[in-house]
Amino acid sequence: MNEMDLPFLNPYLDSVGAPSFQTGCNFATGGSTVLPANAALISPFFFGIQVAQFGRFKAKALELLSKDKKLQNVLPFEDYFKQGLYTFDVGQNDLDGAFSLKSEDQVVALIPSIMTEFETGIQKLYNQGARNFWIHNTGPLGCLPRTIATFGKNPSQLDQFGCVASHNRAATAFNAQLRDLCFEFQRKFPEANVTYINIYKIKLDLITNYAQYGFKQGIAACCGYGGLPLNFDNRINCGETKNLNGTLVTATPCTNPEEYVNWDGIHYTRSANQYVSTQILTGNFSETLDLFQY
């Protein structure tokens, strides 16, 4: 947002206090999935709910604008909804949650249903006026410290980079189907402008060549417990204090987070995200309809 001289978007679920939504609205929530939520997931706000929230937001914004012109400084005009850029970052939570209950083959078999749900959602947005779609594929799930700590205890489960091979294979399969979906959606709706972003390639390159980009740790978590090589323990989250094996311990942040790619075993650090953002903005990892090759 800084590169485009735009403010960060206010979240839809934090509307108290009359925040400005004139430059956009953020419907993302932590842990949300594309597939409908179930009791095992941490967030009830799956993609279908977020799309419904957008529909309510648009209808309410236009209704309020028609009644009170003073709100023009904080709410988007109707044409903004067509001109706006609709951004999506999908896949990680669906795959991560599936692996907790299913085998690799079962997870891969689940991907088409994720694609169906995602396509249904973006078509609903299209029907409500959305035309510009910016879609991130999913990153290398197998390279997250939490994934490695849980599924990579046997060295045979790891690839040459120290990442869990099954999870990265599933992420790659997911991304291939997502790319196909983007291509077909663009062909089906010529008025749409669909851009597919290869986040997986950017992040895997960063993790495996971290020193080249000024980082000192490619996989270890900055905020965690246990020390290198992962500094992650599934029993304790970043910032927590717990009694582990009779000892009171705290999962504390490192003093040099700018030197780490991973923050807490799941999320990337601010420095890593900034690097990813700069790579996205080069345009070298983007595909649009005229660039899709088959």
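Buried means under 20% relative accessible area, exposed over 50%, and partly exposed in between (1.4 Å probe, protein chains only). The model is predicted: local features need pLDDT of at least 70, side-chain atom pairs count only at pLDDT 80 or more, and totals for chains, interfaces and linings use all residues. Residues are numbered from 1 along each chain as its sequence is written, and side-chain values use heavy atoms, with hydrogens and water left out.

View 1. E63 is partly exposed, at 31% relative accessible area. The closest N and O atoms of the K67–E63 salt bridge are 3.0 Å apart (a side-chain nitrogen of Lys or Arg within 4 Å of a carboxyl oxygen of Asp or Glu). Both residues sit in α1 (residues 47-67), four residues apart, about one turn of the helix. Helices (H or I, at least four residues) and strands (E, at least two) are DSSP runs, numbered from the N terminus.

**View 2. Salt bridge E191–R131.** The two side chains meet at 3.4 Å, N to O. E191 lies in the loop between α6 and β5, R131 in the loop between α4 (104-127) and β4; 60 residues separate them. E191 is exposed, at 52% relative accessible area. R131 is buried, at 15%.

View 3. The closest N and O atoms of E240 and K242 are 3.6 Å apart. Both residues are partly exposed: E240 at 27%, K242 at 34%. Elsewhere, salt bridges with shared partners join K60, E63 and K67 into one network.

View 4. An automatic or database domain assignment gives domain 1 (2-197) and domain 2 (213-293). Their C-alpha centres lie 20 Å apart. The contact (heavy atoms within 4.5 Å) takes 24 residues from domain 1 and 19 residues from domain 2. The domains bury about 1,800 Å² between them, 67% of it on carbon and sulfur atoms; buried area is the accessible area (1.4 Å probe) that two parts lose on being put together, summed over both. In domain 1, P145, R146 and R179 lose the most area to domain 2, together 30% of what that side buries.

View 5. One salt bridge is counted between domain 1 and domain 2. R179 and E287 form a salt bridge, with the closest N and O atoms 2.7 Å apart.
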